[in-house]
Each structure stands twice: as C-alpha cells, then as structure tokens.
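Trainee: Could you go through this two-chain question with me step by step, so that I can follow each answer on the model?

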Amino acid sequence: MSQSNDRVFWPGNEIIVEAALRAGCTFFGGYPITPSSEIAAHMALRLPQIGGTFIQMEDEIAAMGAVIGASLAGAKSLTATSGPGLSLKQENIGFAMMAEVPCVIVDAQRGGPSTGLPTAPAQSDIMQARWGTHGDHSVIALTPTYPRELYIETIRAFHLAELYRTPVYVMLDEIMAHTTESFRIPSADECGIIKPRSEYTEARVNSWRPFNDYFQGQHLHITGLSHTAEGFPTTNPAIVHKSILHLVNKIVNAQPQIERNAEYLLDDADIAVITFGSPGRAAREAVLAARANGIKVGIFRPITYWPFPVQTVRDLVDRVKAVVVPELNLGMLALQVEKSAMRPEVRIHPVNETGGIAIEPERILAAIEEAQRGI
Amino acid sequence: MKYEIRFAGVGGQGNILAGEWLALAAHGMGRHAVQSPTYTAQVRGGPTSVDVLIDDDEVIFPRLTAIDYFCCLAQRGWDTFSHQLRPDSVVVVAPSLVHKLGPGPQKIYRVPIIEVTKQAVGKMVYTSSVALGSFSFFMPHVVPKDVMVRTIESHAPHGTVENNLRAFQAGWEAAKSTPPVARNEIAEDTHAAVRESRE
C-alpha cells in the first residue's frame with residue numbers, strides 16, 4: 001500500500017467536507033444533528049480557511065433557506081442533516097426545486113421515525129428524499145457505498161445540481177458517516193467534472209427560466225409560486241402545466257446521463273443481490289463466501305438511486321432466477337425492484353434490519369443460500 | 001493478516017479516542033485500518049465500544065464479526081459488547097469496573113487500569129491511554145510499541161503528550177506483570193462473592 005500524501009484516514013463525514021471543497025463549495029448552512037454534525041463542525045473549520053462562509057442557523061428549515069440564498073448569490077452551497085432534520089427542511093427543498101436553485105443536501109441516515117435512533121444507522125429516508133416535499137417533481141439522489149465513492153459522488157452531486165439546476169441528495173448512513181478508514185484521495189481524473197458555475201452554460205438549456213448571473217445588473221425575481229419563463233407568478237393552466245412537466249422531465253429525460261450503478265460478478269449470476277449504501281460491503285463478503293461454495297451470485301448497486309434505474313433493474317431481473325435485497329429498512333428498495341421488474345413471479349428474498357445495527361455478511365449469505373435452494 | 005479489535009466501556013472514558021489512536025498507528029504503517037464507533041445518545045454513561053479492524057489487504061465489511069482482542073473498562077460495556085468473543089480471544093479487563101464476566105473459555109488479563117491511572121498520572125482522563133498501553137502489550141505484532149508511542153506523540157492534544165505517554169507506559173508495565181486467569185474461575189469467584197454478600 002502506498003505511503004503517499006494522498007493516503008488519509010478520514011471518517012465519512014470528513015470525506016464529504018473535503019470532496020465538497022474540491023468541488024468548489026464555498027458555503028455551508030446547517031444545524032447540527034447526529035450523525036451528520038461532524039460535517040458542520042469540519043466545515044466550520046475549513047471554509048474560513050478558503051474564504052468561504054459557514055453559518056449555523058437557528059433551525060433546519062432556516063439552514064435550507066440560507067443554502068438557497070447563498071446559491072442564488074452565486075455560491076456552490078451545501079447543507080447536511082439527518083432524518084428529523086430532513087423532515088424539517090422539506091418545505092424549502094420544494095422551494096429550491098420549484099425555483100430551480102442548485103444545491104447539495106447530505107442526509108446521514110439514522111433510525112426513525114421521529115428522533116428514533118440518533119447514533120445508529122438506517123436507510124429509511126430514501127423514500128422521503130423522493131417524495132418528501134409536496135407537488136410533482138423529480139429528484140436526484142446518490143447512494144455511495146465505499147469511502148472512494150462517497151468522495152466522488154459528493155463531487156458529482158455538485159456537478160448535477162449545477163447542470164440540472166436542482167437540489168441533489170447524497171444519502172449515506174451512520175455507519176458511513178462515523179467509520180474512519182484508510183483511504184486514498186481520488187485523482188483529478190477520477191473525480192469527474194469540476195467547473196465554476198459561470199461555465200455551466202448547458203444549465204440554461206436545462207432551466208425553465210433562462211437566467212443570468214445573479215447580481216450582475218439584471219432584474220431578478222425568484223418565487224415558489226408557479227411562474228412564467230420570466231420568473232413572475234402565473235395561474236395560466238397551460239404555462240403552469242408546461243412548467244411542471246419541465247421540472248419532472250429535465251431529470252427523467254436525462255436518466256441515461258445521470259444513471260450510475262456498480263456491478264460485481266453478475267456476468268454468470270443466477271442470483272442478484274440488489275442493495276445500496278453501506279450494506280453493499282456486507283453483500284460483497286457474502287457473495288465471495290457464496291461463490292466459494294459454488295453459488296453463482298453477484299451484486300447490483302444503484303449509485304444513482306433517484307431517478308431509479310428501472311430499465312437496468314428490469315433487464316437484470318430478467319436474466320437471473322432470484323433476487324436478494326438487503327437494506328436497513330423494511331423494504332423500500334425491494335418495492336422499487338418489484339415495481340421495476342413487473343414480474344410477479346420474480347422471487348425477492350428480503351434481508352431487512354431496522355434495529356440500528358449493520359446487516360452482517362452471514363445474514364446475506366443465508367438469504368443467498370435460501371434463494372439457491374429455491375431455484 | 002486481519003485483526004479484529006474492540007474497546008468497550010461507557011461514554012466519557014475515552015475508549016473511542018484509544019481506538020482511533022490504535023487505528024491511526026496501523027494506518028501509518030501502511031495497513032488498511034478501520035475505526036468504527038458505537039455509542040448511545042447519552043453524552044456520558046451509555047454503553048460504548050469502538051471496533052478497530054486492521055488488515056494487510058482491503059477491509060470489505062467495516063464492522064467486527066469475531067473479536068481477536070477485547071479491552072473492557074465497564075460492566076455495561078462487557079454486558080453489551082462481549083458476545084462476539086471467540087474461545088481464544090485475548091481479553092483485558094479493569095477488574096475494579098468489570099465484575100461479572102460469566103462463564104467462558106477465554107483467558108482474562110485483569111490489569112488494574114484504574115489504580116494504575118491514579119498512581120501513575122493522577123488524572124482519570126488518562127484512563128484510556130493506560131488501557132491502550134496495557135492492550136498494546138498483548139499485540140506487539142499488530143502495532144509495535146514504538147509505532148504506538150510515535151502516534152501518541154503526534155496525535156495527543158497539545159500539552160497532554162507527556163502525560164499520555166506516561167499513562168501508556170504505565171499501562172504497558174502493568175500488563176507485563178499481570179498473569180492470565182481462566183474466565184471460569186473469575187465467574188465462579190463472582191458467584192461466590194454474590195453468595196457471601198447475601199449471607
């Protein structure tokens with residue numbers, strides 16, 4: 001293993017901060033909440049060093065408001081929270097979608113509902129990311145598994161936010177947030193596109209409302225009301241309908257560009273383990289153990305969770321004989337797999353955990369063996 | 001070679017920091033180190049553990065599944081986090097804080113960590129460094145003593161390096177002169193003590 005300077009020992013929350021700074025983030029507005037608090041703490045240290053701004057607001061929704069305001073003023077902006085805070089932010093997240101304000105929201109998931117399990121992992125906010133705010137809209141949510149992915153996907157979140165002028169979620173969980181691990185900082189080539197907002201000319205095409213650089217002598221009107229292409233409120237049904245279709249389709253139509261998945265040993269697989277986030281690591285150990293026993297099994301992980309890779313999952317389910325779905329909730333991903341597959345006969349073997357602990361490789365292995373017996 | 005190491009106790013004892021220094025030392029040696037804490041919403045007093053995984057290759061599953069080395073500084077930590085012990089796990093406990101071990105095949109090193117902290121440094125805030133010193137004595141092949149010392153020198157908060165090193169060394173020496181006891185003997189002792197107290 002190399003001993004170079006790019007080899008570090010960082011917790012997930014610090015990886016997010018360093019990746020965000022590399023992506024050009026200069027503003028963080030937040031309100032501390034476990035297990036995301038270290039993101040705020042580390043941003044409070046790092047942003048002043050680079051001339052950026054850190055602000056701790058009076059509550060979660062105000063923090064989201066600060067992020068929207070900073071983004072409108074030209075800063076790549078970040079907030080971080082956990083389930084209870086995500087609930088509180090939802091109204092302003094909807095505003096950011098309606099007004100097409102680029103920003104990144106990190107959700108370090110913990111057990112819920114309500115205050116639930118502050119210091120323990122869960123993946124039960126994934127539907128809230130999709131449907132938490134009211135009204136028709138599309139969402140981009142990224143679900144990395146490994147420290148390297150967490151770094152790269154945080155950078156990509158800023159790119160997608162700018163490109164499609166929309167809030168983008170990075171969803172992790174308490175395990176990823178708090179686990180500190182040896183890790184090599186990805187090279188520039190691995191990080192993908194990093195560029196200043198002024199260079200996102202394609203974002204003008206992806207926006208309902210043509211826009212100019214803010215505070216550069218142009219008139220400016222930003223509203224959460226349904227609005228015309230000039231930004232002023234309207235109730236004209238045809239214009240409103242067109243604007244909602246725009247908000248949804250700018251992401252739906254870009255699915256091929258946004259979709260990113262990780263596949264592992266799927267080529268000859270009879271069984272697919274479909275999972276996301278931190279259980280992906282337990283799944284890898286389980287798959288290696290199952291392979292050692294002659295079971296043909298592989299892993300599919302959506303790294304872009306929303307928009308969900310419906311067609312890719314459908315094609316995969318058509319190829320295999322059984323599916324195992326480990327997740328730290330009671331079946332939110334399994335539901336999505338069922339919906340994508342559209343085949344009632346496909347056998348899904350769920351592995352669910354809501355007790356605030358990791359799913360151990362043994363449990364996934366047992367589900368794989370059960371699936372194998374049923375083939 | 002993969003090592004699975006756990007510190008357990010209650011919140012406020014510094015277990016998580018001790019685990020972090022151990023993992024940092026292994027990381028500094030070029031190994032893949034993982035430090036994974038578990039604690040409750042209580043600021044102090046809740047059962048707390050930190051798992052440290054060290055491997056020459058990549059660690060895939062970042063949580064502990066079977067304990068190679070276990071250091072425990074509180075009964076609540078023992079009750080909550082000792083279930084993944086293996087028959088040949090190396091176990092270090094602070095005997096004044098961990099009384100009821102229950103039956104089991106392991107050999108237990110009862111290092112008087114609390115008493116050593118009082119004598120050697122005088123401040124209980126250094127308990128975790130004494131524990132780390134004691135624990136390190138039993139795993140020189142995982143992280144050599146000099147590497148641990150250098151890690152403490154470079155990572156201990158400003159103004160605490162000297163005391164942390166003294167605590168570490170005292171813990172090391174105490175472990176050196178602590179013979180192992182069969183867990184079953186301690187378990188029986190405890191039962192006897194309970195019976196006596198009832199009589």
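Predicted model: local features only at pLDDT ≥ 70, side-chain atom pairs only at ≥ 80, totals over all residues.

Mentor: Residues are numbered from 1 along each chain as its sequence is written, while chains are lettered from A and ligands numbered from 1 in the order in which they are written.

Trainee: Which element gives the largest share of the side of chain B that touches chain A?

Mentor: Contact here requires C-beta atoms, placed from the backbone, within 7 Å, and 19 residues of chain B meet 18 residues of chain A in this way. Two elements of chain B, helix H1 (15-28) and strand S2 (32-38), each give two or more residues to that side; helices (H or I, at least four residues) and strands (E, at least two) are DSSP runs, numbered from the N terminus. The largest share, 6 residues, comes from S2(B).

Trainee: Is Asn206(A) buried, exposed or partly exposed?

Mentor: Asn206(A) lies in the loop between helix H9 (202-205) and helix H10 (237-252) of chain A, and, leaving out residues up to four places away in sequence, touches Leu163(A), Tyr164(A), Arg165(A) and Lys250(A). A residue is buried with 20 or more other C-beta atoms within 10 Å of its own, exposed with 12 or fewer, and partly exposed in between, with C-beta atoms placed from the backbone. Because Asn206(A) has 18 C-beta neighbours inside 10 Å, it counts as partly exposed.

Note on methods:
Contact = placed C-beta atoms within 7 Å.
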